[in-house]
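Hi everyone, thanks for making time this morning. Please have a look at the sequence and the structure on the screen while I talk.

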Amino acid sequence: MHFSKPALPISDQIDLLIDRGMVVTDRAIVENWLKSVSYYRMSGYWLPFEKPPVGTETRSKQFLKGTKFDDVMALYIFDRQLRLTIMEAVERIEIALRARWTFRMVEMHGSHAHMQPDAFKLHYRDGIYWSMMNGMAGSNKKSDEVFVKHYSKKYTSPEMPPLWAMTELITFGELSIWIAMTKSISVKTDLARDMGLGSPKNLEGVIQNIALVRNKCAHHSRVWNRRFIKRVPGVKILQPSLVFDSKGQKQADNRIYNTLVFLIHMLRQQANDTTYAKRLGQMVGLQTKSQQEAMGFPADWENLPIWR
């Protein structure tokens with residue numbers, strides 16, 4: 001089937017929304033939003049305001065009675081605030097992981113632990129390790145950071161700066177791979193305990209999920225009602241606050257709620273007096289129950305241990 005939909009002028013887009021039942025009180029405001037955000041991007045936020053599809057329809061494309069564009073704007077703004085709040089937590093967790101992993105690796109393998117293949121699991125050394133090293137070397141070569149220039153001027157070898165400098169150049173996703181590649185069980189066990197996650201397996205599962213969520217936030221993708229490919233593990237200490245797909249508690253729900261539980265828990269491991277849960281809870285509490293449910297929040301979430 002050949003795609004043949006024409007691009008509509010903004011004024012026609014507004015008319016289409018009105019024809020489908022959207023209440024528009026100020027065309028100028030709607031026009032500005034559609035110009036600045038786009039009709040297509042906004043459509044992801046007015047989906048829950050549409051009438052249920054009938055028969056073989058995938059979307060009814062008709063709005064529930066009383067749906068206002070203002071309601072859609074409010075939901076969009078909330079999702080943006082949620083992404084920013086998530087990134088606040090991710091930043092602190094990422095830096096803590098970098099620092100703690102780096103310290104233990106250089107303590108065990110020396111300043112250039114990343115250049116010691118034997119420090120990493122054998123099955124990773126066949127390809128992934130060298131790919132990561134090439135990526136790190138490329139980042140070092142392209143970087144205009146002062147510490148990189150200083151190292152290259154002062155030292156002729158090793159080719160790259162020490163690990164505590166190089167970790168400043170890697171992404172969270174890359175950090176998660178370096179941690180997964182680490183051969184020492186004691187390094188990963190200590191790191192898992194630092195973050196309150198108990199075991200290396202839990203650590204790897206959680207940071208892979210957070211890295212994925214972080215990328216969605218960084219690229220301004222919707223997180224409020226998204227289901228993520230990578231699920232968090234059902235860490236025992238957090239099970240009373242997590243949401244599972246079944247009563248058997250074998251598979252954690254893959255919406256943003258469970259990730260938020262882990263972010264709160266890991267932040268508290270760094271600073272027990274953090275106000276993050278309170279601030280996040282206040283923001284979520286202003287949303288309707290249906291919007292909370294779209295994020296995976298259970299009906300009684302405010303009474304669960306993680307939020308108290």
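Predicted model: local features only at pLDDT ≥ 70, side-chain atom pairs only at ≥ 80, totals over all residues.

Let's start with the pair. Two packed helices are described by the angle between their axes and the distance between the axes. Here, helix 3, residues 39-46, packs against helix 4, residues 69-109, at about 95°, and the axes are 9 Å apart. Angles of 65 to 115 degrees count as roughly perpendicular, so that is how helix 3 and helix 4 sit relative to each other. Who makes the contact? From helix 3 we have R41, M42, Y45 and W46, and from helix 4 we have F69, V72, L75, Y76, D79 and R83. Sorted by class, this contact has seven nonpolar and three charged residues, with no polar ones.

Now stay on helix 4, and find F78, which lies in it. Is F78 buried or exposed? Its relative accessibility is 2%, and the cut-off for buried is under 20%, so F78 counts as buried. Leaving out residues up to four places away in sequence, F78 touches W224, M283, V284, Q287 and M295. Take V284 from that list: 206 residues separate it from F78 along the chain, yet their C-alpha atoms are 8.6 Å apart.

Last stop, helix 10, residues 185-194, whose buried residues are V187, K188, T189, L191, A192 and D194. And what covers them? The cover includes helix 4 again, along with helix 9 (172-181), helix 11 (200-218) and helix 12 (256-270). Just after helix 10, have a look at G196, which takes a positive phi of about 75°.

Thanks, and I'm happy to take questions!

Definitions and conventions:
Residues numbered from 1 in each chain as written. Heavy atoms only, no water. Axes fitted to C-alpha atoms, helices over the stretch in contact; angles between N-to-C directions. Helix = DSSP H or I, 4+ residues; strand = E, 2+ residues; numbered from the N terminus. Parallel < 35°, antiparallel > 145°, perpendicular 65-115°, else oblique. Contact = heavy atoms within 4.5 Å. Nonpolar A, V, L, I, M, F, W, Y, C, P; charged D, E, K, R; others polar. Buried < 20%, exposed > 50% of the residue type's maximum accessible area, 1.4 Å probe, protein only.
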